[in-house]
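Open the model in your viewer and show it as a cartoon. This tour goes from one selection to the next.

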Amino acid sequence: MPDLSHGHDEDVDAVNALRSAVMRLGRRLKHQRVDESLSPTEMSVLGTLARCGSATPGELARKEHVQPPSMTRIVALLEAKGLVRLAPHPDDRRQKVVSQTEQAEAMLDESRRKRNAWLTALAEGLDEDEWARLRAAAPVLDKLARM
């Protein structure tokens, strides 16, 4: 693994290019939303519930890197929109468990379809070699995103 702290120029340049490209692509992807009434944070919470399953507001706050009072407000907004439901925690009556509703699942599926179609249209501009390199890079980018 390269030691980026000592600044090998080509490694530093690669990290800089990766950061810049991921940020630009991420911003553009955020505009490909199905429901414009949801904030990016609300969408992120729904995505976390879809990936990880039901969770307490405290667990969601840790996963989303927000303070618990903020997550309580987010969950209340999502519940008011019919996108999550709260149930008593099976082991701790003081806690609630948050899960997504079928409405949220359908909205996330449509959002994924829209974003995938947008990315597919972009990828049509790549040549075969670029597309092969992108396919090979996808698992590495996924690993970075999960670290």
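A helix here is a DSSP run of H or I with at least four residues, numbered from the N terminus. The model you are viewing is predicted.

**Stop one: the residue.** Select Ser-111. It sits in helix H5. Is Ser-111 buried or exposed? Its relative accessibility is 3%, so Ser-111 counts as buried; the cut-off for buried is under 20%. Now show what surrounds it. Leaving aside residues up to four places away in sequence, Ser-111 touches Gln-32, Val-34 and Met-43.

**Stop two: the helix.** H5 holds 22 residues. From first C-alpha to last, H5 reaches 31 Å, close to the 32 Å expected at 1.5 Å a residue. Colour its buried residues: Ala-104, Met-107, Leu-108, Ser-111, Trp-118 and Ala-123. They span an arc of only 145° around the axis, so they lie on the same side of H5. What covers them? Among the elements over these buried residues are helix H1 (9–30), H2, strand S2 (96–100) and helix H6 (128–146).

**Stop three: the crossing.** Show side chains at the contact. From H2, pick Met-43, Leu-46, Gly-47 and Ala-50. From H5, pick Ala-104, Met-107, Leu-108, Ser-111 and Arg-112. By class, this contact has six nonpolar, two polar and one charged residues.

Key
Residues are numbered from 1 along each chain as its sequence is written. This is a predicted model: local features need pLDDT of at least 70, side-chain atom pairs count only at pLDDT 80 or more; totals for chains, interfaces and linings use all residues. Side-chain values use heavy atoms; hydrogens and water are left out. Contact means heavy atoms within 4.5 Å. Helices (H or I, at least four residues) and strands (E, at least two) are DSSP runs, numbered from the N terminus. Ala, Val, Leu, Ile, Met, Phe, Trp, Tyr, Cys and Pro count as nonpolar, Asp, Glu, Lys and Arg as charged, and the others, Gly among them, as polar. The expected span of a helix is 1.5 Å times one less than its number of residues. Buried means under 20% relative accessible area, exposed over 50%, partly exposed in between (1.4 Å probe, protein chains only). The arc is that of the directions from the helix axis to the C-beta atoms.
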